[in-house]
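This briefing accompanies the structure shown below. Please keep the display in view while reading the points that follow.

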Amino acid sequence: QEQVRLEWPEQDVTGYADALVNDELVYEFKSKHSKSFWYMVNKGEGPSLHNLMQLWLGIKILGKKEGRLVYVEKDSLSILEYTLHVDTERVVEATMKELEILNKAWKAKLPPRPPTDSKDWKIKYCRWHKKCVSLPEYLQE
C-alpha cells in the first residue's frame, strides 16, 4: 500500500507512512541533496534522529515489528537503507519525549521552546522561528 494513514489519538498524532509492503514493513522515503547525502555517508553516523522518529511512529501505530528508512540522493539516485525495530530504545525515548513536549505546548497554546543555537538546522527551515524566539515567555527564561 502507498501512503498509509496513521492515527494515534492518545498522543494526538496523525499523518501518513510512505508505504506498507506486504502488510509487514513500514517504509519512509527521504530525498537528499547530493552534498547532504554524501556528508551523511562520509560522517558515518547513520540516519537523522528526526527521520527515525517519524518512521518509528509509523511502525508503532501500525503495530509492526520493523520498518525501513530509505534515503535517495537526488542527483545520482544513490540509495541508503536503514532498518529500525519498534523496540529501539533511544528512538522510542526520543519520540515519546518529543510527543510530551508537543502535547504540553498544544494544551498551553504556546509553541515548544525554539532552538537558539545558530548551528541548529531547524532554525533555517522554520518559518516561524523569529516569531517564537521573540515571545516574552521565552525571553524570561
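Does Asn22 count as buried or exposed? Asn22 counts as exposed, because its relative accessibility is 71%; here buried means under 20% relative accessible area, exposed over 50%, and partly exposed in between, with a 1.4 Å probe and protein chains only. The model is predicted, so local features need pLDDT of at least 70 and side-chain atom pairs count only at pLDDT 80 or more, while totals for chains, interfaces and linings use all residues. Residues are numbered from 1 along each chain as its sequence is written, and side-chain values use heavy atoms, with hydrogens and water left out. Helices (H or I, at least four residues) and strands (E, at least two) are DSSP runs, numbered from the N terminus.

- Five strands make up an open sheet with mixed pairing, in the order 1-2-3-4-5; two strands pair if DSSP finds at least two bridges between them.
- Strand 1 and strand 5 are the edge strands, each pairing on one side only.
- From one strand to the next, the twist averages 40°; axes are lines fitted to C-alpha atoms, for helices over the stretch in contact, and angles run from 0 to 180 degrees between N-to-C directions.
- Helix 2 packs on the sheet and touches strand 1, strand 2, strand 3, strand 4 (66–73) and strand 5. The direction of helix 2 makes about 80° with that of strand 1.
- Strand 2 pairs with strand 3 (residues 25–32) in the antiparallel sense, over three bridges. Val26 in strand 3 is the bridge partner of Leu20.
- Strand 4 and strand 5 run antiparallel and are joined by seven bridges. Tyr71 stands opposite Leu80 in strand 5.
- In a regular strand, side chains alternate between the two faces of the sheet.

**Loops and positive phi**

- Most residues other than glycine have a negative phi.
- Asn22 lies in the loop between strand 2 and strand 3, and has a positive phi of about 55° although it is not a glycine.
- Asp12 is found in the loop between strand 1 and strand 2. Asp12 is not a glycine, yet has a positive phi of about 55°. With 55% relative accessibility, Asp12 counts as exposed.
- The hairpin of strand 4 and strand 5 has five residues between the strands, and Leu77 in the turn has a positive phi of about 65°.

**Helix 2**

- The 14 residues of helix 2 should span 20 Å at 1.5 Å a residue, and its end C-alpha atoms are 20 Å apart, which agrees. The expected span of a helix is 1.5 Å times one less than its number of residues.
- The buried residues of helix 2 are Asn51, Leu52, Met53, Leu55, Trp56, Leu57, Gly58 and Ile59.
- These buried residues pack against strand 1, strand 2, strand 3, strand 4, strand 5 and helix 3; contact means heavy atoms within 4.5 Å.

**Helix 3**

- Helix 3 (residues 89–108) has 20 residues, which should span 28 Å; its end C-alpha atoms are 29 Å apart, in agreement with that value.
- Val91, Ala94, Thr95, Leu99, Asn103 and Ala105 are the buried residues in helix 3. Seen down the axis of helix 3, its buried residues fall within an arc of 165°, so they line one face of the helix; the arc is that of the directions from the helix axis to the C-beta atoms.
- The face of helix 3 turned away from its buried side carries the exposed residues Glu89, Lys97, Lys104, Lys107 and Ala108.
- The buried residues of helix 3 pack against strand 1 (2–8), strand 2 (13–21), helix 2 (49–62) and strand 5 (79–85).

**Where the two helices meet**

- Two packed helices are described by the angle between their axes and the distance between the axes.
- The axes of helix 2 and helix 3 come within 9 Å and cross at roughly 85°. That makes helix 2 roughly perpendicular to helix 3, since angles under 35 degrees count as roughly parallel, over 145 as roughly antiparallel, 65 to 115 as roughly perpendicular and the rest as oblique.
- Among the residues making the contact are Leu49, Met53 and Trp56 of helix 2 and Arg90, Val91 and Thr95 of helix 3.
- Thr95 is in helix 3 and is buried, with a relative accessible area of 2%.
- Not counting residues up to four places away in sequence, Thr95 touches Met53, Trp56 and Leu57. The C-alpha atoms of Thr95 and Leu57 are separated by 7.9 Å, although the two residues are 38 residues apart along the chain.
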